[in-house]
Amino acid sequence: MIEARHLRVLRAVAATGSFSAAGRELGCTQPAVSQQMKALEASVGTPLLVRSGREMRLTQAGEALVRHANGILAGLTAAEEEVAAIAGLRAGRVRLVSFPSGSSTLVPTALAALRAAHPGTRVSLEEAEPPRSVELLREGDCDVALAFRYEGAAGAEEWEDLVVRPLLTDRLVALVPERHPLAHAGSVAIGELAGEPWIAGCPRCRGQLVAACESAGFTPRIDFATDDYPAVVGLVGAGLGVAVLPQLAIESVRPRGARTVTLEPAVRREIVALTLPDLAQVPAVAATLDELARAASRQGRDT
């Protein structure tokens, strides 16, 4: 195997014409240069230099190797500089996947802070709900996945192979038309809404809604289902039904014509940032996780 240090010595010998002059240029002794040249010739299996008295002349193989050495060493230098830039957060790329309510609340704050602190780091954003977002992470199509799971839900082991960064606990709230009899109630039990038409959200939230309603003794009549939170709010505001939404989803939508009411007993979901163990050691990924955690702490104070 050809080592970079041996190529540097060969190039210095070719440029200076002697072991002693090469040693002075490289800051080492003449015997050290001689030893490294012998090691290089042994590794390539052919002579690279012809020694005639004090003169040092390259063989045909030596000339070929010097010619390639310039490009190899330049490439190594560029690679070292690029890696150093990534390690020092002067460069780098992070692919982030987030569910919509996280994209509109936590992600903007986190990425603005990341750009201010490390302007050379670039982050791309794609939206996906869990479990698809977690699949993208495991398939190597993203570096960080913002995800959630509901308290008490089965499948807590689904993230055991991942690095889990807890961000915040998001409480569900009831959303009713502003003229609804319960619009000004301090709190509402989900069973009090048993006879209402419902607007359901994303598939996982929809499943949680049905489970919560069934635990209260009824099956909700779902008239509309949409993954778009502003659409849910608009449908409720138009008086077409009631909904249960995460508080985080309400933060980025002005609920015109609708009011939020505290839901009792409390139903919560855990918001986390996920990555793979090896990726957690990458500086840009670690910095992104840190900024998401800071954004979540600010979000918690605001709400």
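**Reading loops, rings and helix packing**

Mentor: Leu89 is found in the loop between α4 (60-87) and β3, and since you are new to this structure, please keep in mind that the model is predicted.

Trainee: What is the phi of Leu89, and is Leu89 buried or exposed?

Mentor: Although Leu89 is not a glycine, its phi is positive, at about 60 degrees. For burial, the cut-off to apply is a relative accessible area under 20%, and Leu89 is buried because its value is 13%. Another residue with a positive phi, near 80 degrees, is Gly27, which follows α2.

Trainee: Let us turn to a strand residue. Where is Leu96 found, and what is Leu96 in contact with beyond its neighbours within four places in sequence?

Mentor: Leu96 is part of strand β3, and it counts as buried because its relative accessibility is 2%. Once the neighbours within four places in sequence are set aside, Leu96 is in contact with Val107, Leu111, Val123, Ser124, Leu125, Glu126, Val144 and Leu292. Take Val107 from that list: it is eleven residues from Leu96 along the chain, and the C-alpha atoms of the two are separated by 9.2 Å.

Trainee: How many aromatic pairs does the structure hold, and why is the pair of Phe99 and Phe148 edge-to-face?

Mentor: The structure holds two aromatic pairs. To name the geometry, you look at the angle between the ring planes, and over 60 degrees counts as edge-to-face. The planes of Phe99 and Phe148 lie at 85 degrees with the ring centres 5.0 Å apart, so this pair is edge-to-face. The pair links distant parts of the chain, for Phe99 is in the loop between β3 (92-98) and α5 (100-103), while Phe148 is in strand β5 (residues 144-150), 49 residues apart. Both Phe99 and Phe148 are buried.

Trainee: What does Phe148 form with Tyr150?

Mentor: Phe148 and Tyr150 form an edge-to-face aromatic pair, with 5.9 Å from centre to centre and 80 degrees between the planes. Phe148 has a relative accessible area of 0%, and Tyr150 counts as buried because its relative accessibility is 6%. Taken together, ring pairs link Phe99, Phe148 and Tyr150 into a cluster.

Trainee: By what are two packed helices described?

Mentor: They are described by the angle between their axes and by the distance between those axes. In this model, helix α1 (residues 4-16) and helix α2 (residues 19-26) have axes that come within 8 Å and cross at roughly 120 degrees, which means that α1 is oblique to α2. The crossing of α1 and α2 is right-handed. On the α1 side the contact is made by Arg8, Val9, Ala12, Val13 and Thr16, and on the α2 side by Phe19, Ala21, Ala22, Glu25 and Leu26; these residues divide into seven nonpolar, one polar and two charged.

Trainee: At what angle do α2 and helix α3 (residues 30-44) cross, and which residues meet there?

Mentor: The axes of α2 and α3 come within 8 Å and cross at roughly 105 degrees, so α2 is roughly perpendicular to α3. Phe19, Ser20, Ala22 and Gly23 in α2 meet Gln30, Val33, Ser34 and Met37 in α3, and the residues of this contact divide into four nonpolar, four polar and no charged.

Trainee: Which residues of α2 are buried, and what covers them?

Mentor: Phe19, Ala21, Ala22 and Gly23 are buried in α2, and what covers the buried residues of α2 includes α1, α3, β1 (49-52) and β2 (55-58).

Trainee: How do α1 and α3 pack, in angle and in distance?

Mentor: Their axes are 9 Å apart, at an angle of about 115 degrees, which means that α1 is roughly perpendicular to α3. The crossing of α1 and α3 is left-handed. Arg5, His6, Val9, Leu10 and Val13 in α1 meet Val33, Gln36, Met37, Ala39 and Leu40 in α3, and the residues of this contact divide into seven nonpolar, two polar and one charged.

Key: Residues numbered from 1 in each chain as written. Predicted model: local features only at pLDDT ≥ 70, side-chain atom pairs only at ≥ 80, totals over all residues. Heavy atoms only, no water. Axes fitted to C-alpha atoms, helices over the stretch in contact; angles between N-to-C directions. Helix = DSSP H or I, 4+ residues; strand = E, 2+ residues; numbered from the N terminus. Parallel < 35°, antiparallel > 145°, perpendicular 65-115°, else oblique. Left-handed = near helix turned anticlockwise from the far one by under 90°. Contact = heavy atoms within 4.5 Å. Nonpolar A, V, L, I, M, F, W, Y, C, P; charged D, E, K, R; others polar. Phe/Tyr/Trp six-rings, centres within 6.5 Å; stacked < 30°, edge-to-face > 60°. Buried < 20%, exposed > 50% of the residue type's maximum accessible area, 1.4 Å probe, protein only.
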